[in-house]
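Please look over the chain below before reading on.

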Amino acid sequence: MFKKINAWLHLWLGLISGIIVVILSITGCILTFKVEINKYASPWTRVEVPEGSKMLPPSVLYKSVEKAVPNREIESVWYHGEGMTSRFRIHEMDSTIFVNPYTAEVVAIGQLNDFFHFFEDGHYYLWMPQKIGHQVAGWGTFIFFFLLISGLILWWPKNLKKSNVNKSFKIKWTAKFKRVNYDLHNVLGFYSIIIAIILAFTGLMMSFAWFNNSVYWMAGGENKERKRIAAVSDTTTNIKTNVLAQVDKAFYLGITEIGEHNTDQIIVNFPEKPSDAIYLCVDMYQGTWRDVHLDQYTLKELPASNKRLRDETLADWIRRSNYGLHVGEIGGITTKIIYFIVSLICASLPITGFYIWWGKKKKSKKKSPKTKLV
């Protein structure tokens with residue numbers, strides 16, 4: 001009875017969510033190598049490194065951007081690493097300012113490849129209005145997560161005879177299309193199931209707060225309402241300071257002492273008010289990062305900052321590593337290639353599954369007895 005119910009749910013939930021799974025899988029597939037493709041498809045993101053040169057501090061780049069876009073509030077700069085332009089974010093401005101970090105020359109004002117924005121909208125919202133699309137994509141992922149578990153139950157061999165094992169682990173390429181299609185659904189679904197479960201699980205962590213909080217609690221974290229620690233700088237004794245000079249000092253601290261991984265990649269913000277802390281984003285490594293808030297005057301690390309990843313509890317480690325696990329950054333280019341292949345397989349599963357159901361439906365119609373006239 002359990003297997004019959006499981007098979008029924010697998011069939012109908014698969015039919016309901018099929019189109020959503022195909023869209024999420026194909027768009028995810030395309031987005032897997034977004035960073036690598038943008039690096040070469042957008043020439044303004046790359047610069048030549050002069051021999052013996054070092055990246056200039058934020059204050060020098062800031063003044064160059066200030067001339068290019070006067071009377072604008074400059075929010076932050078993102079150093080993307082050696083041989084890459086630094087990117088400035090401007091308040092209430094959609095475009096990004098690309099600056100050569102070795103010469104302070106403004107290279108371009110614009111956006112990265114719009115090609116990927118289209119597929120990001122599809123992956124996040126299925127090209128629907130944001131509120132509706134987010135829910136549809138999230139619940140479609142939830143159903144897919146269940147389908148992976150129910151599919152594994154259906155796949156499990158009844159016994160370990162050689163014929164059953166071969167059907168479960170091998171594709172019979174010499175058979176008719178109907179059998180090959182069944183094997184593609186059954187066998188490829190099994191081989192990709194671990195990564196597919198990771199993709200669905202991490203997707204749910206980003207889609208639903210209740211799911212994220214439940215996982216966090218089960219991993220030993222506490223979801224109790226806690227007073228948010230604000231990253232506020234001490235303004236009682238230090239009202240005036242050279243903000244850009246302090247930002248430069250914070251920048252050097254970030255790349256020499258605070259950051260441990262990819263220290264040539266860092267985000268630095270420019271405080272607007274005396275009470276604002278200096279924000280740094282460091283350790284951008286394998287899809288994770290560390291948010292650090294420094295007092296604007298003393299440059300001491302404030303309590304609102306993240307711990308180093310190795311010092312986090314299991315619950316916090318899961319939360320902070322979730323993005324890297326979802327996009328395949330966690331193991332570099334190797335895991336990205338694996339994720340790309342698995343995403344293609346996930347996109348094929350609703351299609352091969354639909355054909356299996358359609359074939360059975362046609363077969364049952366042929367077998368139904370014809371009514372005779374007396």
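Which residues have the most contacts inside the largest nonpolar core?

## The main core

This is a predicted model. Its largest nonpolar core holds 29 residues. V65, F88, V268 and L280 have the most contacts inside it. Eight elements each supply at least two residues of this core: the helices α3 (58-68) and α10 (243-258), and the strands β1 (74-80), β2 (86-90), β3 (96-99), β5 (265-269), β6 (278-285) and β7 (288-294). The largest share comes from α10, with 5 residues.

F88 shows how such a contact set looks. Leaving out residues up to four places away in sequence, F88 touches L61, Y62, V65, I74, S76, V77, T96, I97, V99 and F270. A second core is separate and has 11 residues, including L148, I193, I195 and Y339.

## I266 in strand β5

I266 lies in strand β5. Is I266 buried or exposed? I266 has a relative accessible area of 1%. The cut-off for buried is under 20%, so I266 is buried.

Residues up to four places away in sequence are again left out of the contact list for I266. H80 is 186 residues away from I266 along the chain, yet their C-alpha atoms are separated by 7.0 Å.

## Helix α3 and its cover

Six residues of α3 are buried: P58, S59, L61, Y62, S64 and V65. What covers the buried residues of α3 includes the strands β1, β2, β3 and β4 (106-110), together with α10.

## How α3 meets α10

Two packed helices are described by the distance between their axes and the angle between them. The axes of α3 and α10 come within 8 Å. They cross at roughly 130°.

On the α3 side, the contact is made by P58, S59, Y62 and K63. On the α10 side, L244, V247, D248 and F251 take part. By type, the residues of this contact divide into 5 nonpolar, 1 polar and 2 charged.

## Two loop residues with positive phi

L126 lies in the loop between α4 (114-125) and α5 (130-155). Phi of L126 is near 60°, a positive value in a residue other than glycine. L126 has a relative accessible area of 9%, so L126 counts as buried.

Q286 is in the loop between β6 and β7. Phi of Q286 is also positive, at about 55°, and Q286 is not a glycine. How does Q286 count by its relative accessibility? At 31%, Q286 is partly exposed.

## The chain as a whole

The chain has 12 helices and 7 strands. Buried residues make up 41% of its 374 residues. Among contacts with a separation of 6 or more, 60% join residues 24 or more positions apart.

What radius of gyration does the chain have? The value is 26 Å, whereas a compact globule of 374 residues would be near 21 Å. The C-alpha trace spans about 105 × 45 × 40 Å along its principal axes.

Conventions:
Residues numbered from 1 in each chain as written. Predicted model: local features only at pLDDT ≥ 70, side-chain atom pairs only at ≥ 80, totals over all residues. Heavy atoms only, no water. Core = buried A, V, L, I, M, F, W, Y, C linked by side-chain atoms within 4.5 Å. Buried < 20%, exposed > 50% of the residue type's maximum accessible area, 1.4 Å probe, protein only. Helix = DSSP H or I, 4+ residues; strand = E, 2+ residues; numbered from the N terminus. Contact = heavy atoms within 4.5 Å. Axes fitted to C-alpha atoms, helices over the stretch in contact; angles between N-to-C directions. Nonpolar A, V, L, I, M, F, W, Y, C, P; charged D, E, K, R; others polar. Rg over C-alpha atoms; globule rule 2.2 N^0.38 Å.
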